[in-house]
Amino acid sequence: MSAALAPVATAVPSHVRGSHRAELVLRHAGPLGVRIGYELQGPADAPVLFVAGGISANRHLAGSALWPEPGWAQGLVGAQRTLDPGRWRLLSMDYLGADGQLDLPIDTADQAQAIAQLLPQLGIAQLAGFVGYSYGALVGLQLAAQHPSLLQRLVVVSGAHRPHPYASAWRALQRRAVALGQLQYGDAHGLALARQFAMLSYRTPEEFDERFDAAPVLINGRVRVPAEDYLDAAGARFVGRMPATAFVRLSESIDLHRVDPAQVQLPTTVIAVEGDRLVPLADMVNLVEGLGSRATLRVLRSAYGHDAFLKETDRIDALLASALHPPGETR
């Protein structure tokens with residue numbers, strides 16, 4: 001087994017944050033100077049894995065002694081996990097546009113270009129692998145297609161080579177909710193409503209039936225259904241951490257995404273969730289068929305739908321262990 005796939009920690013783990021200035025040529029907006037925020041966690045001499053999440057994810061994966069606040073991948077990254085920062089050097093970044101300052105079309109190919117510019121600045125010639133969830137999976141596919149020499153293998157979770165028209169319609173309505181809110185109330189109201197719509201597409205009817213199967217109540221003569229408290233809380237949390245412009249532009253980025261699977265020539269593990277309403281299993285199967293013999297498909301059944309990668313952390317971890325340490329290779 002290659003050293004890249006059998007990491008052994010020999011140095012004291014380090015945790016570094018920084019940013020890099022880059023000149024990019026965006027696919028739909030032309031030349032632009034940007035600053036790319038990144039975070040590295042793990043031994044300085046360990047092989048590097050890039051980890052990327054959904055559009056609301058950022059460069060902070062999980063807490064450490066230096067920065068103890070929980071990260072978006074807190075349940076997936078840690079000691080005894082496949083993504084163990086004691087064994088790997090984990091790299092992540094803030095997406096272009098995530099700060100709300102970039103109000104123009106952003107393509108997943110632009111995010112891949114940013115990674116391609118960032119790696120040499122960090123002294124990284126090649127990634128041992130790229131693990132992408134949701135939007136991160138789209139970015140990983142673009143990186144593998146456009147910059148294949150920069151990574152050895154790819155793991156894509158709940159992200160395909162194209163957006164499904166049904167999911168694009170959901171996102172279009174969410175963006176309209178933001179625009180309507182800006183006209184009437186300001187950013188917060190519309191953004192919260194967009195997030196509430198999104199939660200219905202991330203999760204499944206089966207989960208809602210299990211959690212919210214109760215009679216509605218009358219409050220001041222109005223009907224309130226059991227799921228509304230949950231949706232209100234989800235909207236409020238989202239408003240507190242994501243600018244409206246960032247949401248709109250990164251939502252659009254998903255719908256701009258296109259990759260020809262034939263361009264991805266790397267060993268790729270595709271993890272699909274049966275019941276995912278945003279990235280249907282059929283699209284993931286089509287992706288695997290396009291990738292051909294270099295791809296492996298794993299299917300997870302979960303009532304959490306598209307959010308399974310955040311909720312089914314033990315099961316996802318087991319699939320990652322298989323993907324990053326295939327049978328026949330000594331772990």
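Trainee: How many salt bridges does the count come to?
Mentor: The count comes to 19 salt bridges, the rule being a side-chain nitrogen of Lys or Arg within 4 Å of a carboxyl oxygen of Asp or Glu. This is a predicted model, in which local features need pLDDT of at least 70 and side-chain atom pairs count only at pLDDT 80 or more, while totals for chains, interfaces and linings use all residues. Residues are numbered from 1 along each chain as its sequence is written, and side-chain values use heavy atoms, with hydrogens and water left out.

Trainee: What makes Asp283 and Arg162 a salt bridge?
Mentor: The closest N and O atoms of Asp283 and Arg162 are 2.9 Å apart. That is within the limit, so the pair counts. Asp283 lies in helix H8 (residues 281-291) and Arg162 in the loop between strand S6 (154-157) and helix H3 (165-184), so the bridge ties together parts that are 121 residues apart in sequence. Helices (H or I, at least four residues) and strands (E, at least two) are DSSP runs, numbered from the N terminus.

Trainee: Why is Asp283 called buried?
Mentor: Buried means under 20% relative accessible area, exposed means over 50%, and partly exposed is in between (1.4 Å probe, protein chains only). Asp283 has a relative accessible area of 3%, so Asp283 is buried. Arg162 has 30% relative accessibility and therefore counts as partly exposed.

Trainee: How do you know that Arg203 and Asp307 form a salt bridge?
Mentor: Their closest N and O atoms are 2.9 Å apart. The pair links distant parts of the chain, with Arg203 in the loop between H4 and H5 and Asp307 in the loop between strand S10 (295-301) and helix H9 (308-311), 104 residues apart. Arg203, at a relative accessible area of 8%, is therefore buried. Asp307, at 9%, also falls in the buried class. Arg203 and Asp307 belong to a network of salt bridges that includes Glu207 and Arg211.

Trainee: Why is the patch formed by Glu206, Asp209, Glu210 and Asp213 called negative?
Mentor: Lys and Arg count as positive and Asp and Glu as negative, with His and the chain ends not counted. Glu206, Asp209, Glu210 and Asp213 are Asp and Glu residues, so the patch is negative. Patches are made of residues with over 30% relative accessible area and no salt bridge; like charges are joined within 9 Å and nonpolar side chains (Val, Leu, Ile, Met, Phe, Trp, Tyr) within 5 Å. The place of a charge is taken as NZ of Lys, CZ of Arg, CG of Asp or CD of Glu. Glu210, found in helix H5 (residues 205-211), has 69% relative accessibility and so counts as exposed.

Trainee: What is the phi of Gln80, and why is Gln80 called exposed?
Mentor: Phi of Gln80 is near 75 degrees, a positive value in a residue other than glycine. Most residues other than glycine have a negative phi. Gln80 sits in the loop between strand S3 (48-52) and strand S4 (89-93), and its relative accessible area is 74%, so Gln80 is exposed. Asn220 likewise has a positive phi, near 55 degrees, and is placed in the loop between strand S7 (217-219) and strand S8 (222-224). At 78% relative accessibility, Asn220 counts as exposed.

Trainee: How do you know that the protein chain is as compact as a globular protein of its length?
Mentor: The chain has ten helices and ten strands. Its radius of gyration is 20 Å, close to the 20 Å that the globule rule gives for 331 residues, so it is as compact as a globular protein of that length. The radius is taken over C-alpha atoms, and the rule is 2.2 Å times the number of residues to the power 0.38. Of the 331 residues, 55% count as buried.

Terms used:
Areas by Shrake-Rupley, 256 points an atom, 1.4 Å probe, with all protein chains shown as cover.
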